[in-house]
Amino acid sequence: DQPPRLHRNFVYVSDGDGAVGSPIRVMQWNILAQALGVGVDNFVRCPLEALSWSRRKNLILGEILAYRPHILCLQEVDHYYDTFQPVLASLGYSSHFCPKPWSPCLDVEGNSGPDGCALFFDESRFELLDSVDIRLSAMMIPTNQVAVVTTLRCRSTGRYLCVVATHLKARSGWEWLRSAQGSDLLWHVQNLIRELSGDNSNIEVPLLICGDFNAVPSEEVYRRFATSPLGLDSAYKKLSQDGVSEPEYTTWKIRGTGECCSTLDYIWYTKDTLRVDAVLDMPDEEQIGPDRLPSYSYPSDHLSLVCDFSFREKE
Ligand code: NDP
Ligand code: CA
């Protein structure tokens with residue numbers, strides 16, 4: 001009785017020559033916290049039944065299994081211990097979860113605990129070196145937003161890979177806070193990478209920063225990432241004709257307050273050390289349907305971002 005999954009194709013892109021190892025598939029996805037979806041969001045065009053956890057759980061796991069990423073960054077995870085950690089562990093993933101300090105899920109009756117960011121990696125592909133949870137600060141003051149930073153070593157190439165999953169403050173009016181949180185995250189990551197490379201500043205550590213930034217590309221936090229000394233670029237720009245534009249949307253929903261169609265989610269990568277090989281395209285308006293997301297065919301109001309990366313050859 002379930003409508004088919006949204007059909008999406010990989011678009012193969014050219015991003016220079018000289019790669020080592022087989023591609024690394026990365027998925028970034030705000031899966032929509034169960035407690036927020038039923039208790040806070042007010043998705044007026046989505047039937048309640050489509051929001052039931054049993055349905056959504058199957059669709060979320062189905063989406064992950066359809067692409068089988070080696071690295072999976074999720075936001076709004078409020079079923080880590082009872083669902084994602086055990087199910088994905090049985091499929092060979094190791095993971096880390098960082099709950100938000102004051103998750104809004106806790107205000108919803110019948111909630112399943114706080115939501116947070118979770119980072120999963122395929123244990124057959126990567127070895128864990130270190131994982132840290134970061135509570136993001138804004139001008140020295142701790143905020144309600146977090147990040148998981150996991151450092152891995154690729155088993156076949158021996159290359160390091162630092163991966164970040166984060167979810168910045170939502171809503172308009174908070175652009176300054178997102179910018180401050182982004183700066184704090186960049187500062188933490190720079191320090192971690194400096195520690196990792198020791199005294200040898202020539203060692204460049206490939207870096208992926210995946211997140212729901214809650215910021216459109218014209219916001220200050222986007223510009224901070226695009227111009228950071230880390231040398232980051234946003235992978236989904238590769239999907240555009242000109243190669244420099246972000247997609248038109250990564251989230252599309254209708255709440256009581258109106259329709260919201262915007263680009264808020266990103267996969268940032270270090271362009272000198274990683275190469276984008278393929279990007280999963282976005283479903284078009286017709287596939288998404290008139291009631292937008294979530295729906296019976298798709299379990300979140302945010303679309304998954306999936307890319308294949310390769311390590312660039314060292315100079
Ligand atoms: P955010 O503003 O970052 O939003 C939290 C979640 O709400 C996000 O997952 C976001 O989803 C979603 N959201 C965004 N816009 C809307 C909308 N229009 N309608 C419904 N949901 C939306 O919140 P904070 O993390 O800063 O937390 C704020 C909340 O946390 C407070 O409202 C309060 O409930 C709770 N809190 C409780 C405290 C306590 O003492 N108990 C202390 C501090 C906070 P997305 O990212 O997809 O847009
Ligand atoms: Ca949300």
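How closely do the axes of α2 and α3 come, and at what angle do they cross? I looked this up first: they come within 12 Å and cross at roughly 35 degrees. Axes here are lines fitted to C-alpha atoms, for helices over the stretch in contact, and angles run from 0 to 180 degrees between N-to-C directions.

**Ground rules.** I am working with a predicted model, in which local features need pLDDT of at least 70, side-chain atom pairs count only at pLDDT 80 or more, and totals for chains, interfaces and linings use all residues. Residues are numbered from 1 along each chain as its sequence is written, chains are lettered from A and ligands numbered from 1 in the order in which they are written, and side-chain values use heavy atoms, with hydrogens and water left out.

**The helix pair.** I noted a right-handed crossing where α2 passes α3 (the near helix is turned clockwise from the far one by less than a right angle). On the α2 side, W53, K57, I60, L61 and I64 make the contact, and on the α3 side T83, F84, V87 and L88 do. Contact means heavy atoms within 4.5 Å. Helices (H or I, at least four residues) and strands (E, at least two) are DSSP runs, numbered from the N terminus.

**The seven-stranded sheet.** I traced an open sheet with mixed pairing, in the order β1-β14-β15-β2-β3-β5-β4. Two strands pair if DSSP finds at least two bridges between them. Neighbouring strands are turned by 20 degrees against each other on average, direction ignored. Between β3 (71–77) and β5 (116–122), which run antiparallel, I found five bridges; C73 has L119 of β5 as its bridge partner. Both helices of my opening question lie on strands named here: α2 (53–67) lies across β1, β2, β3, β14 and β15, at about 165 degrees to β2, and α3 (80–90) lies across β3, β4 and β5, at about 160 degrees to β4.

**The six-stranded sheet.** I read the order as β6-β7-β8-β9-β13-β10, again open and mixed. Its edge strands are β6 and β10 (232–234). β6 and β7 run antiparallel and are joined by 11 bridges, while β7 and β8 pair in the antiparallel sense over seven bridges. Helix α4 (175–197) packs on this sheet, touching β6, β7, β8, β9 and β10, and its direction makes about 145 degrees with that of β6.

Most residues other than glycine have a negative phi, and most peptide bonds are trans, so I went looking for exceptions. M139, in the hairpin of β6 and β7, takes a positive phi near 50 degrees. N214 has a positive phi of about 50 degrees and sits in the loop between β9 and α5. The peptide bond from L293 to P294 is cis, with omega near -10 degrees; P294 lies in the loop between α6 and β15.

**Ligand 1.** I counted 19 residues around the ligand, of which E76, K100, D107, H167 and K169 come nearest (a residue is near if one of its heavy atoms lies within 4 Å). For polar contacts (pairs of N or O atoms within 3.5 Å), I noted a side-chain atom of N144 at 2.8 Å from a ligand oxygen, and a side-chain atom of D212 at 3.0 Å from an oxygen.

Terms used
A polar contact is a pair of N or O atoms within 3.5 Å; within protein, one must be able to donate a hydrogen and the other to accept it, and residues adjacent in sequence count only if both atoms are side-chain atoms.
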